[in-house]
Amino acid sequence: MKPVVLVTRKLPDAVEARLSRDYDAKLNPDDALYTSDEIIERAQGADAILPCHTEKFTADVIARLPDSVRVIANFSVGYDHVDTEAAKKKGLIVTNTPDVLSDATAELTIMLMLGAARRASEGEKLVRTRQWKDWSPSFMVGIQMTGKRLGILGFGRVGRVVAARARGFGMEIHYNDVNRVAAELEEGAIYHETPEDLLPHCDFLAIHCVATPETTGLLNAERLALLPDDAIVTNASRGVVINDEALIAALKSSKVAAAGLDVFNNEPDIHPEYRELPNVFLMPHIGSATRETRDGMGFRALDNLDAVFAGKEPGDRVA
Ligand code: DGY
């Protein structure tokens with residue numbers, strides 16, 4: 001008998017085809033957003049769950065999952081939506097999908113940097129609403145990326161690809177992470193031991209750290225004050241890293257010239273003031289949303305499931 005896999009969202013066709021070939025897959029063709037109670041109910045008799053970050057596996061949800069479930073194989077690199085300690089206690093294996101989304105997320109980050117610095121939201125609105133009337137030397141003047149200093153908070157896989165792409169703009173790369181990375185991964189990037197050390201060097205700040213209790217609210221008013229005036233801030237990791245009130249105040253005072261944000265606290269009900277600010281370039285959590293990467297994420301999640309059901313250690317085990 002094939003293992004039963006509860007799939008919480010609609011996945012790419014090629015991924016669902018492989019799922020249905022190798023598993024008794026309980027698919028979600030309508031892409032309905034299941035509540036926790038629905039997940040628990042649908043998981044009855046399932047051997048595995050293949051969720052996205054949109055489903056929250058709190059300690060309570062995990063405790064209520066049927067004992068038949070052995071593995072949560074996430075379709076995401078981030079796994080802050082899963083209480084991994086609770087999963088470990090219940091004997092659940094948890095996996096994620098690293099690497100396959102680094103290029104897509106780095107591309108999106110470059111777009112956030114350019115979109116914020118070159119005032120893409122304002123410009124597009126002018127054209128779409130027929131308010132664009134003229135050209136002048138002082139019209140829609142933004143900030144250039146070329147040759148500036150880029151500070152990367154979180155120098156993991158995505159952060160390092162962002163650095164590689166930014167070098168194409170002649171940017172000087174600075175970074176902070178919990179540990180300094182090996183010289184061959186640094187490729188000349190300048191390490192700073194703390195976020196406080198890094199921030200004064202960031203004409204552009206790109207956030208790529210994982211969401212943990214330590215990084216929650218990390219970019220607060222005190223740390224924003226350490227940025228050079230007119231800095232550009234982007235975030236393509238998780239919204240919790242930013243204190244929204246503090247960033248909004250910095251955007252209003254022009255301490256931060258502009259921000260490019262793909263992730264938010266409390267998605268999709270983001271802080272309403274972001275929608276009102278002209279100097280924010282907003283995207284709806286689409287860092288990994290390319291055809292290539294969606295397939296890659298699905299196949300990586302399936303590689304992890306295949307390993308578990310073959311009695312092997314999955315490559316991307318996080319709990
Ligand atoms: C990830 O993989 O973590 C992306 O944010 C989508 O969930």
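Predicted model: local features only at pLDDT ≥ 70, side-chain atom pairs only at ≥ 80, totals over all residues.
Local features need pLDDT of at least 70 and side-chain atom pairs count only at pLDDT 80 or more, while totals for chains, interfaces and linings use all residues. Residues are numbered from 1 along each chain as its sequence is written, and side-chain values use heavy atoms, with hydrogens and water left out.

Strands here are DSSP runs of E with at least two residues, and helices are runs of H or I with at least four; both are numbered from the N terminus. Two strands pair if DSSP finds at least two bridges between them. Strand β4 (residues 71-73) pairs with β5 in the parallel sense over 3 bridges. Within β5, Val94 stands opposite Ile72.

A second open sheet has 7 strands, in the order β8-β7-β6-β9-β10-β11-β12. Strand β6 (residues 149-153) and strand β7 (residues 172-176) pair in the parallel sense over 5 bridges. Gly151 stands opposite His174 in β7.

The ligand is surrounded by His53, Ser76, Val77, Gly78, Leu101, Arg238, His285, Ser288 and Met297. A residue counts as near if one of its heavy atoms lies within 4 Å of the molecule. By class, this shell has 3 nonpolar, 5 polar and 1 charged residues. Ala, Val, Leu, Ile, Met, Phe, Trp, Tyr, Cys and Pro count as nonpolar, Asp, Glu, Lys and Arg as charged, and the others, Gly among them, as polar. Polar contacts are pairs of N or O atoms within 3.5 Å. An N or O atom in the side chain of His53 is 2.6 Å from an oxygen atom of the ligand. For the side chain of Arg238, the distance from such an atom to a ligand oxygen is 2.7 Å. Val77 contributes a backbone N or O atom, 2.7 Å from an oxygen atom of the ligand. The protein covers 89% of the 230 Å² of accessible area that the ligand has on its own. Accessible areas come from the Shrake-Rupley method with a 1.4 Å probe.

Rings of Phe, Tyr and Trp (its six-membered ring) pair if their centres lie within 6.5 Å; planes under 30 degrees apart count as stacked, over 60 as edge-to-face and the rest as tilted. The count comes to 4 aromatic pairs. In one of them, the rings of Phe264 and Tyr274 have centres 5.9 Å apart and planes at 65 degrees, so the pair is edge-to-face. Phe264 lies in the loop between β11 (256-261) and α12 (272-276), and Tyr274 in helix α12, so the pair ties together parts that are 10 residues apart in sequence.

The loop between β11 and α12 also holds Pro268. A cis peptide bond joins Glu267 and Pro268, with omega about -5 degrees. Asp230 lies in the loop between α10 (221-224) and β10 (231-235). Its phi is near 70 degrees, a positive value in a residue other than glycine.

Technical notes. Polar contact = N/O pair within 3.5 Å; in protein donor to acceptor, adjacent residues only side chain to side chain.
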